[in-house]
Amino acid sequence: MNVLHADKVLDCSGMSCPLPVVKTSKAIKEIEIGQVLLLIATDPGSKADMEAWSRQTGNDLLDAHEEDGKFIYYFKRMK
Amino acid sequence: MSKKDPNAPQRLALIASKGTLDWAYPPFILASAAGAMGWEVSMFFTFYGLPLLLKDTSTVVTPLGNPAMPMKMPFGPQNFQKINWPIPTAMMSVPGFNALATNLMKQTFKNKGVATIRELRDTCVEMDVKLIACQMTMDVFGFQREDFIPECSVAGAAAFLEFAADADVQLFI
């Protein structure tokens, strides 16, 4: 497991679709281009959703993994 | 004209034609998710979907005529919550049953971390989703413009179709 630096942390634990996607899209606008957002989610559906969100918005998904039953994502704001 | 411009965002054109609690979720979930992905979204609210744009919208659900709807309790031990209660159809017509079923479903959604319909509608507004109220439905059911949230616009079929013609995804819900 690689430990990346995050400029902002967003905790969506306990939230269901579409909230992780909606909140991530808001949070990414609150960091600068090139900075990294860390998302913590518990929704198993977020795996496919966050990958799709990354492809659709062009923000890089640097890393995605599971840790203690939580889904951890690192996004780099690209635009 | 997004089709002609490769840099234009994806477009979703969606018709919301039903206004019960269970049917109100899919259009608002899809529209807010599309908005979160940077898509341009238009939602057209017609017939029973129109009340979803009312200022004081309040959605209900009934298992009557809805045989696939699970009837489960949102409280108690896990094994109790898993029971799908066999409710006789006759009981569903007892006064107060709709309110009970609605409250149980709303509580279940809350327990599972699902946003409310109003929260999702507010999210759509924040994401610049275009909310269009069907003029004809307003006239037929006797609604006034002031009954609806100020963020929505009022239009007819042609205005929606023009947007939909150039959309990448079109849905009727």
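This is a predicted model: local features need pLDDT of at least 70, side-chain atom pairs count only at pLDDT 80 or more; totals for chains, interfaces and linings use all residues.
**Exercise 1. Work out what span the 12 residues of H2(A) should have, and compare it with the distance between the end C-alpha atoms.**

Solution. Step 1: H2(A) covers residues 46-57. Step 2: the expected span is 1.5 Å times one less than the number of residues, which gives 16 Å for this helix. Step 3: the end C-alpha atoms of H2(A) are 16 Å apart, so the two values agree.

**Exercise 2. Which residues of H2(A) are buried, and how do they fall around the helix axis?**

Solution. Step 1: look for Ser46(A), Asp49(A), Met50(A), Trp53(A), Ser54(A) and Thr57(A); these are the buried ones. Step 2: viewed down the axis, they lie within an arc of 135°, so they line one face of H2(A). Step 3: recall that an α-helix has 3.6 residues a turn, so residues three or four places apart point the same way. Step 4: now turn to the face away from the buried side, where you will find the exposed residues Ala48(A) and Arg55(A).

**Exercise 3. What covers the buried residues of H2(A)?**

Solution. Step 1: in chain A, the cover includes helix H1 (19-28) and strands S2 (36-41), S3 (60-67) and S4 (70-76). Step 2: look across to chain B, whose helix H1 (21-36) also takes part.

**Exercise 4. In what order do the 4 strands of the chain A sheet lie, and which are the edge strands?**

Solution. Step 1: the open sheet has the order S1-S2-S4-S3, with mixed pairing. Step 2: S1 (8-12) and S3 of chain A each pair on one side only, making them the edge strands.

Key:
Residues are numbered from 1 along each chain as its sequence is written. Chains are lettered from A and ligands numbered from 1 in the order in which they are written. Helices (H or I, at least four residues) and strands (E, at least two) are DSSP runs, numbered from the N terminus. A residue is buried if 20 or more other C-beta atoms lie within 10 Å of its own, exposed if 12 or fewer, and partly exposed in between; C-beta atoms are placed from the backbone. The arc is that of the directions from the helix axis to the C-beta atoms. Two residues are in contact if their C-beta atoms, placed from the backbone, lie within 7 Å. Two strands pair if DSSP finds at least two bridges between them.
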